[in-house]
Amino acid sequence: MEQEQNIISLSGVTIMQEDNIILRDINLEVAKGEMVYLIGRVGSGKSSLLKTLYAELPFSGVKGQVLGSDLSKLDSSTIPFLRRKMGVVFQDFQLLSDRSVYDNLLFVLKATGWKNRAEMDKRIREVLAQVDMVHKGYKMPHQLSGGEQQRIAIARALLNEPELILADEPTGNLDPDTTDQLMRLLIDINKMGKTIVMATHNYNVIRRFEARTLRCENSMLLDNQPETVELDFF
């Protein structure tokens, strides 16, 4: 029963890019509803681990399971079904610059199989309200601040009611006050039962918003307690 509650389950996993080992012998269980930080120096494997979890990077190992899917058995036809059950938030937002906030979100819904326009409109308004951006749907991305763009990126990640949110340095381009606001938003989303795995090198974030913390170091993934984490990223 306990295994069924695990959103992520990795055993003996090694992640490589070309001929380079990025992380080796990863053993990781992340339970439903957990908030987890990935920390480590630049290039230590944080982003690579996230890419493996959303099936962009291959791996070798005994077991690699995310949201009930065996990563080793996915192919180009089945990967989209896994990704629809998760939301991904990037440091650089990755909004479509040629369309409004509303149309950015509409594009994702259409791409993931939604057909009914009234239902799509309702869902877009729901996620915009959740990130306190319902009044910005008509704006173009370049008309928004960095923090507002990241709120839209989080809204986009929430569209399909994901069980898991993967966030890769989501506050990396934001000032301290905006970072604080975004983290409070992510914490609120986590309290609603969403599992969040977030890569970060922001020391203040980890100290202010304590959670289980995993460190990428020397090609290994180490599990640290929040109060014992010592950060050295550069």
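Mentor: In this predicted model, the axes of H4 and H5 come within 9 Å and cross at roughly 135 degrees. That angle makes H4 oblique to H5, and their crossing is right-handed. On the H4 side, Arg123, Val127, Leu128 and Gln130 take part, and they meet Ile152, Ala155 and Leu158 of H5. By class, five residues of this contact are nonpolar, one is polar and one is charged.

H5 also packs against H3, at an angle of about 25 degrees and with the two axes 10 Å apart. An angle under 35 degrees counts as roughly parallel, so H3 is described as roughly parallel to H5. This crossing, too, is right-handed. Here Val101, Leu105 and Val108 of H3 meet Ile152, Ala155 and Arg156 of H5. The contact of H3 with H5 comprises five nonpolar residues, no polar ones and one charged residue.

The remaining pairing to consider is that of H3 with H4. Helix H3 covers residues 101–111 and helix H4 residues 117–130; their axes come within 10 Å and cross at roughly 125 degrees. H3 and H4 are therefore oblique to each other, and H3 passes H4 in a right-handed crossing. From H3, the contact draws on Val101, Tyr102, Leu105, Leu106, Leu109 and Lys110, while H4 contributes Arg117, Met120, Asp121, Arg123, Ile124, Val127 and Leu128. Nine of these residues are nonpolar, none is polar and four are charged.

The largest pocket has a volume of about 670 Å³. It is lined by 21 residues, of which Arg83, Val88, Val108, Thr112 and Arg156 are the closest to its centre. Two or more lining residues come from each of H3, helix H5 (146–158), helix H2 (79–83) and strand E7 (86–90). The lining consists of twelve nonpolar, five polar and four charged residues.

The second largest pocket has a volume of about 210 Å³. Of its 17 lining residues, Lys46, Ser47, Gln91, Asp168 and Glu169 are the closest to the centre. Helix H1 (residues 46–53) gives the most to this lining, with three residues. In terms of class, the second largest pocket is lined by three nonpolar, nine polar and five charged residues.

A search of the whole structure finds one cavity of 30 Å³ or more, and the largest cavity has a volume of about 30 Å³. Its lining is formed by Ser47, Leu50, Lys51, Tyr54, Val88, Val89, Phe90, Leu166, Ala167 and Asp168. H1, E7 and strand E8 (164–168) each supply at least two of the lining residues. Seven residues of the cavity lining are nonpolar, one is polar and two are charged. Val88 lines this cavity and is also among the residues closest to the centre of the largest pocket. Ser47 and Asp168 likewise line the cavity, and both are among the residues closest to the centre of the second largest pocket.

Terms used. Residues numbered from 1 in each chain as written. Predicted model: local features only at pLDDT ≥ 70, side-chain atom pairs only at ≥ 80, totals over all residues. Heavy atoms only, no water. Axes fitted to C-alpha atoms, helices over the stretch in contact; angles between N-to-C directions. Helix = DSSP H or I, 4+ residues; strand = E, 2+ residues; numbered from the N terminus. Parallel < 35°, antiparallel > 145°, perpendicular 65-115°, else oblique. Left-handed = near helix turned anticlockwise from the far one by under 90°. Contact = heavy atoms within 4.5 Å. Nonpolar A, V, L, I, M, F, W, Y, C, P; charged D, E, K, R; others polar. 1 Å grid on protein atoms, 1.4 Å probe; cavity = no way out; pocket = protein on both sides within 12 Å on 5 of 7 lines; lining within 4 Å. Points joined across faces, edges and corners; volume = space filled by probe spheres on them.
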